[in-house]
Amino acid sequence: MSESEKDIMTPEHRLELETKVVEMLRTVFDPEIPVDIYSLGLIYRVDIDDEGNLQVDMTMTAPNCPMADFIVEDARIKLESIEGIKSVTINIVFEPEWNKDMMSEEAKLELGLL
């Protein structure tokens, strides 16, 4: 097996890493809301390239969220700790605009919205 063949990420390894990313995102909370950012529907995209570079598109519940820097930094530190992830880029996006319908059923229950 050549060096370049060894470096190509298999679909199984990518899925394993994506699962770890989601698990880690479920440990990141907005301090003002008792629900993790993944269940809140704030994560729009998770993409891992063949080299293990992670790109995450996420939003905030409001464009002027006072905890945005804290949340992004918490997510970045936790995601960088995953073995197999070489770099983490978190993009804050506001399209589509977040709304309560993006939350999981569990999050809606936790917040008394069901």
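## A three-stranded sheet and its helices

The protein chain has four helices and three strands. Helices (H or I, at least four residues) and strands (E, at least two) are DSSP runs, numbered from the N terminus. This is a predicted model: local features need pLDDT of at least 70, side-chain atom pairs count only at pLDDT 80 or more, and totals for chains, interfaces and linings use all residues. Residues are numbered from 1 along each chain as its sequence is written, and side-chain values use heavy atoms, with hydrogens and water left out.

**The whole chain**

Read from the N terminus, the elements run α-α-β-β-α-β-α. The C-alpha trace spans about 55 × 25 × 25 Å along its principal axes. Of the 114 residues in the protein chain, 34% are buried. Buried means under 20% relative accessible area, exposed over 50%, and partly exposed in between (1.4 Å probe, protein chains only). The chain exposes about 6,900 Å², and carbon and sulfur atoms supply 52% of it. Those areas come from the Shrake-Rupley method with a 1.4 Å probe; for residues, only the protein chains shown count as cover.

Contact means heavy atoms within 4.5 Å. Take the contacts between residues at least 6 apart in sequence: 63% of them join residues at least 24 apart.

**The sheet**

The three strands form an open sheet in the order E1-E2-E3, with mixed pairing. Strand E1 (43-48) and E3 are the edge strands, and each pairs on one side only. From one strand to the next, the twist averages 15 degrees. Two strands pair if DSSP finds at least two bridges between them. Strands of a sheet pair through backbone hydrogen bonds, either parallel or antiparallel.

E1 and E2 run antiparallel and are joined by five bridges. They form a hairpin with four residues between them. In the turn, Gly 52 has a positive phi of about 90 degrees. Strand E2 (residues 53-58) and E3 run parallel, joined by six bridges. The table lists some of the facing residues.

| Residue | Opposite residue | Strand of the opposite residue |
|---|---|---|
| Arg 45 | Asp 57 | E2 |
| Gln 55 | Thr 89 | E3 |

**Helices on the sheet**

Helix H2 (residues 11-25) packs on the sheet and touches E1 and E2. The direction of H2 makes about 145 degrees with that of E1. H3 packs on the sheet too, touching E2 and E3. The direction of H3 makes about 155 degrees with that of E3. Axes here are lines fitted to C-alpha atoms, for helices over the stretch in contact, and angles run from 0 to 180 degrees between N-to-C directions.

**A closer look at H3**

H3 has 13 residues. From its first C-alpha to its last it reaches 18 Å, close to the 18 Å expected at 1.5 Å a residue. That expected span is 1.5 Å times one less than the number of residues.

Which residues of H3 are buried? They are Ala 68, Ile 71, Val 72, Asp 74, Ala 75 and Leu 79. Seen down the axis of H3, these buried residues fall within an arc of 160 degrees, so they line one face of the helix. The arc is that of the directions from the helix axis to the C-beta atoms. An α-helix has 3.6 residues a turn, so residues three or four places apart point the same way. H2, E2 and E3 are among the elements that cover the buried residues of H3. The face turned away from the buried side carries the exposed residues Asp 69 and Ile 77.

Asp 74 counts as buried because its relative accessibility is 19%. Leaving out residues up to four places away in sequence, Asp 74 touches Thr 27, Val 28 and Phe 29.

**A buried residue in a loop**

Where does Ile 85 lie? Ile 85 is in the loop between helix H3 (68-80) and strand E3 (87-92). Ile 85 is buried, with a relative accessible area of 9%. Not counting residues up to four places away in sequence, Ile 85 touches Leu 17, Val 21, Ile 48, Gly 52, Leu 54 and Leu 79. Ile 85 and Arg 26 are 59 residues apart along the chain, and their C-alpha atoms are separated by 17 Å.
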